Amino acid sequence: MTTIGFVRHGVTAWNKEGRAQGNTDVPLDEEGIQMAERAAKRMQDEEWDVIYTSPLIRAKKTAEIIADKHPGVDFIQDKRLGEIGGGIIEGTTEDERIAKWGSDWRNQDMGFEPEDAISSRGMSFIEEVKKKHLGKRVLVVSHGGFISRLLNALVPDGEFSHDIGNTSVTIVELGDSGNVCHLFNCMNHLERKEVQ
């Protein structure tokens, strides 16, 4: 059975400002780096056979911090793991969107990446992982919107109602007769007090 661990990138200034990021290459802020370090510490004693990351800098930096604790593990960038394209809303806040396009902006053509394109790149990545890394433990560092869509495709009867938190860990086992989510959106590593 192949196990996939999904980790969302650490926080960015745009996350805090409520700005849509999409494919815009926004770096982690200082807190985001600390969050990634705590996620890395949490995972340092876990065995991972390969680490895949979105090439966007916020995910890639998070993945690099985690990979530092796993020397010798293959580290692969894959553009299929990038965030969902946000079209013309990238860089804007909800208030700015309402001011510019009105409160029904979601019903207008904003140039979002189509759902079938998101699903198709996500599932093409999963199929490749199943072939290349059968029975292995694969860590994937990506983005909230993308992880959320992929989870719903992999475990259609799952209850994934809330947003994916920054540096949260989600574990899915891929099985022939169906996939099982064993851990969803876990952020215990951010709640632990650091021992001085």
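**How many residues lie between β5 and β6 in their hairpin, and which residue in the turn has a positive phi?** There are 5 residues between the two strands, and G178 in the turn has a phi of about 140°. The legends below start from there. This is a predicted model, in which local features need pLDDT of at least 70, side-chain atom pairs count only at pLDDT 80 or more, and totals for chains, interfaces and linings use all residues. Residues are numbered from 1 along each chain as its sequence is written, and side-chain values use heavy atoms, with hydrogens and water left out.

**View 1. The hairpin of β5 and β6.** Strands β5 (residues 169-174) and β6 (residues 180-186) are named as DSSP runs. Helices (H or I, at least four residues) and strands (E, at least two) are numbered from the N terminus. The two strands run antiparallel and are joined by 4 bridges. Two strands pair if DSSP finds at least two bridges between them. N185 has a positive phi of about 55°, although it is not a glycine. N185 is buried, with a relative accessible area of 9%. Here buried means under 20% relative accessible area, exposed over 50%, and partly exposed in between (1.4 Å probe, protein chains only).

**View 2. β5 beside β1.** Strand β1 (residues 2-8) runs antiparallel to β5, and 6 bridges join them. T2 has L174 as its bridge partner in β5. G5 stands opposite I171. Strand β5 is mostly covered: 5 of its 6 residues are buried. In the loop between α6 and β5 lies T167. T167 is buried too, with a relative accessible area of 0%. T167 has a positive phi of about 65°, yet it is not a glycine.

View 3. Strands of a sheet pair through backbone hydrogen bonds, either parallel or antiparallel.

**View 4. Helix α5 against helix α6.** Helix α5 (residues 115-132) and helix α6 (residues 144-154) pack at an angle of about 70°, with axes 10 Å apart. Axes are lines fitted to C-alpha atoms, for helices over the stretch in contact, and angles run from 0 to 180 degrees between N-to-C directions. The two helices are therefore roughly perpendicular. Angles of 65 to 115 degrees count as roughly perpendicular, under 35 as roughly parallel, over 145 as roughly antiparallel, and the rest as oblique. From α5, E115, I118, R121, G122, M123 and I126 meet F146, R149, L150, A153 and L154 of α6. By class, this contact has 7 nonpolar, 1 polar and 3 charged residues. Ala, Val, Leu, Ile, Met, Phe, Trp, Tyr, Cys and Pro count as nonpolar, Asp, Glu, Lys and Arg as charged, and the others, Gly among them, as polar.

**View 5. The largest nonpolar core.** This core has 22 residues. I4, F6, Y52, F125, I126, V140 and L154 touch the most other members. A nonpolar core is a set of buried Ala, Val, Leu, Ile, Met, Phe, Trp, Tyr and Cys residues joined through side-chain atoms within 4.5 Å. The elements that give two or more residues are β1, β2 (50-53), α5, β4 (137-142), α6 and β5. α6 gives the most, with 5 residues. Now look at I4. Leaving aside its neighbours within four places in sequence, I4 is in contact (heavy atoms within 4.5 Å) with I126, V129, V138, V140, T170, I171, V172 and L174.

**View 6. The buried residues of helix α3.** Helix α3 covers residues 57-67. R58, A59, T62, A63, I65, I66 and A67 are buried there. Their cover includes β1, α2 (30-43), β2, β3 (74-77) and β4.

**View 7. A loop residue, Q108.** Q108 is found between α4 (94-101) and α5. Is Q108 buried or partly exposed? Q108 is partly exposed, with a relative accessible area of 30%. From C181, Q108 is 73 residues apart in sequence and 34 Å apart in space, C-alpha to C-alpha.
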